[in-house]
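Subject: Structure handover

Hello,

Here is the structure I promised to pass on. Please open it first, then read my notes below.

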Amino acid sequence: MTFNSNSRKLFALGSFLMWLSLVILVFIDSTGQLGQQGDVLVALQEHSFTRIMFADIGALSTVAGIWIFFSNKNLKSRFLFAPLTLFVGSFSLLLYLVVYFLATGDEATKKKKSDR
């Protein structure tokens, strides 16, 4: 699937805005404005839906980390983002997508210029 440079910039911007919203949510939640937090261990022990979602997040982070590692051989940052995605999930994945879409957009632009 190919995207033009404007689409790549939009995907990069969207990924950055989603990452920024996660960071803002972390800061708001750390102030306690979103209410009391329940005990995570109790939730995992008592609710199957919580266990399934926890496993789902782990599986998705693993697949995303593998995709990052093998996605773009020219991006050296993949060696940093792939393991980070396994541990911090979307916080790392969304930043990688910004780098990925901007870098692949630059490569496509350079290729078009060299073809002329």
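Let us start with V99. Leaving aside neighbours within four places in sequence, V99 is in contact with L75, S77 and F81. Contact here means heavy atoms within 4.5 Å. V99 is found in helix α5. Helices are DSSP runs of H or I with at least four residues, strands are runs of E with at least two, and both are numbered from the N terminus. At 30% relative accessibility, V99 counts as partly exposed. The cut-offs are these: buried is under 20% relative accessible area, exposed is over 50%, and partly exposed is in between, with a 1.4 Å probe and protein chains only. The C-alpha atoms of V99 and A12 are separated by 7.4 Å, although the two residues are 87 apart along the chain.

A word on the source. This is a predicted model, in which local features need pLDDT of at least 70 and side-chain atom pairs count only at pLDDT 80 or more, while totals for chains, interfaces and linings use all residues. Residues are numbered from 1 along each chain as its sequence is written, and side-chain values use heavy atoms, with hydrogens and water left out.

Now the whole chain. It has five helices and zero strands. Along the sequence the pattern reads α-α-α-α-α. Of the 116 residues, 22% count as buried. Take the contacts in the chain with a separation of 6 or more: residues 24 or more positions apart account for 58% of them. The accessible surface comes to about 8,600 Å², and 68% of that belongs to carbon and sulfur atoms. These areas come from the Shrake-Rupley method with a 1.4 Å probe; for residues, only the protein chains shown count as cover.

L97 sits in helix α5. L97 has 17% relative accessibility, so it counts as buried. A103 is buried, with a relative accessible area of 17%. Its C-alpha atom is separated by 9.2 Å from that of R8, 95 residues away along the chain.

Next, a helix pair. The axes of α3 (residues 48-71) and α4 (residues 78-88) come within 8 Å and cross at roughly 175 degrees. So α3 is roughly antiparallel to α4. Axes are lines fitted to C-alpha atoms, for helices over the stretch in contact, and angles run from 0 to 180 degrees between N-to-C directions. Angles over 145 degrees count as roughly antiparallel.

Which residues meet? From α3 come S61, T62, A64, G65, I68 and F69; from α4 come R78, F79, F81, A82, T85 and L86. By class, this contact has seven nonpolar, four polar and one charged residues. Nonpolar covers Ala, Val, Leu, Ile, Met, Phe, Trp, Tyr, Cys and Pro; charged covers Asp, Glu, Lys and Arg; the others, Gly among them, are polar.

Last, T85 in helix α4. Is T85 buried or exposed? At 1% relative accessibility, T85 counts as buried. Beyond its neighbours within four places in sequence, T85 is in contact with S61, A64, G65, I68, S92 and L93. The T85 side chain also makes a polar contact with the side chain of S92, at 3.2 Å. A polar contact is a pair of N or O atoms within 3.5 Å; within protein, one must be able to donate a hydrogen and the other to accept it, and residues adjacent in sequence count only if both atoms are side-chain atoms.

Best wishes

Methods: Angles under 35 degrees count as roughly parallel, over 145 as roughly antiparallel, 65 to 115 as roughly perpendicular and the rest as oblique.
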